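Welcome! Please take a moment to look over the sequence and the 3D structure below, and then we will walk through them together.

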Amino acid sequence: MTTYGDDAAVREILTGTGDVWAVVGLSNNTARAAYGVARVLQRYGKRIVPVHPRAETVLGEQGYATLADIPFPVDVVDVFVNSALAGAVADEAVAAGAKAVWFQLDVIDEAAYRRTTDAGLTMVMNRCPAIEIPLLD
């Protein structure tokens with residue numbers, strides 16, 4: 001399995017980048033991976049911000065339709081959309097002033113990785129923070 005972003009990048013995002021995580025693709029569908037990962041992030045002290053076209057309140061947090069709609073700074077953008085759409089989300093994360101981008105398992109866009117890291121953001125692809133964060137304990 002190819003991963004993008006080494007263990008140091010994973011640790012940096014999870015422990016040093018900040019605690020406000022926009023979770024793109026998060027809805028109230030408890031069967032979706034985004035919901036479970038957001039719950040784990042909350043357990044580890046992260047504030048999750050749901051980003052979904054329906055702008056639902058999820059896990060007690062107000063949702064927004066797009067990253068641009070969020071009226072406060074976001075530290076990390078966690079992307080749960082398919083690879084064909086993920087690059088545009090990474091570009092939106094750069095435009096929104098995020099510090100890092102995280103593409104979930106099986107979400108891969110090498111060109112977006114280059115653009116995002118060239119813009120100075122830390123980025124991880126094809127890994128899951130809910131798997132990685134307990135390993136830091």
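Leaving aside residues up to four places away in sequence, which residues does Asp-75 touch? Keep that question in mind while we get our bearings. What you see is a predicted model, and the protein chain in it has five helices and five strands.

**The whole chain**

- Starting from the N terminus, you can follow the elements in the order α-β-α-β-β-α-β-α-β-α.
- The radius of gyration is 13 Å, close to the 14 Å that the globule rule gives for 137 residues, so the protein chain is as compact as a globular protein of that length.
- Of the 137 residues, 50% count as buried.
- The accessible surface of the chain is about 6,500 Å², and carbon and sulfur atoms account for 50% of that surface.
- If you take the contacts between residues at least 6 apart in sequence, 59% of them join residues at least 24 apart.

**Back to Asp-75**

- Here is the reply to our opening question: Asp-75 touches Thr-17, Gly-18, Asp-19, Val-20, Ala-98, Lys-99 and Ala-100, with residues up to four places away in sequence left out.
- You can find Asp-75 in the loop between β2 and β3.
- Is Asp-75 buried or exposed? Its relative accessibility is 11%, and buried means under 20%, so Asp-75 counts as buried.
- Ala-98 is one of the residues that Asp-75 touches; the two lie 23 residues apart along the chain, yet 5.0 Å separates their C-alpha atoms.

- Helix α2 covers residues 33-43, and its buried residues are Ala-34, Tyr-35, Val-37, Ala-38, Val-40 and Leu-41.
- An α-helix has 3.6 residues a turn, so residues three or four places apart point the same way.
- After α2 comes Gly-45, which has a positive phi near 90°.

**Helices α3 and α4**

- Two packed helices are described by the angle between their axes and the distance between the axes.
- For helix α3 (residues 83-96) and helix α4 (residues 110-118), the axes come within 9 Å and cross at roughly 10°.
- Angles under 35 degrees count as roughly parallel, and α3 and α4 are therefore roughly parallel to each other.
- On the α3 side, Gly-87, Ala-90, Asp-91 and Val-94 take part, and they meet Ala-112, Arg-115 and Thr-116 in α4.
- Sorted by class, this contact of α3 with α4 has three nonpolar, two polar and two charged residues.

**Two residues with positive phi**

- Ala-55 is not a glycine, but its phi is positive, near 50°.
- Look for Ala-55 in the loop between β2 and β3, where it is partly exposed with a relative accessible area of 29%.
- Leu-59, also not a glycine, has a positive phi of about 50°.
- The loop between β2 and β3 holds Leu-59 as well, and with a relative accessible area of 22% Leu-59 is partly exposed.

Terms used:
Residues are numbered from 1 along each chain as its sequence is written. This is a predicted model: local features need pLDDT of at least 70, side-chain atom pairs count only at pLDDT 80 or more; totals for chains, interfaces and linings use all residues. Side-chain values use heavy atoms; hydrogens and water are left out. Axes are lines fitted to C-alpha atoms, for helices over the stretch in contact, and angles run from 0 to 180 degrees between N-to-C directions. Helices (H or I, at least four residues) and strands (E, at least two) are DSSP runs, numbered from the N terminus. Angles under 35 degrees count as roughly parallel, over 145 as roughly antiparallel, 65 to 115 as roughly perpendicular and the rest as oblique. Contact means heavy atoms within 4.5 Å. Ala, Val, Leu, Ile, Met, Phe, Trp, Tyr, Cys and Pro count as nonpolar, Asp, Glu, Lys and Arg as charged, and the others, Gly among them, as polar. The radius of gyration is taken over C-alpha atoms; the globule rule is 2.2 Å times the number of residues to the power 0.38. Buried means under 20% relative accessible area, exposed over 50%, partly exposed in between (1.4 Å probe, protein chains only). Accessible areas come from the Shrake-Rupley method with a 1.4 Å probe; for residues, only the protein chains shown count as cover.
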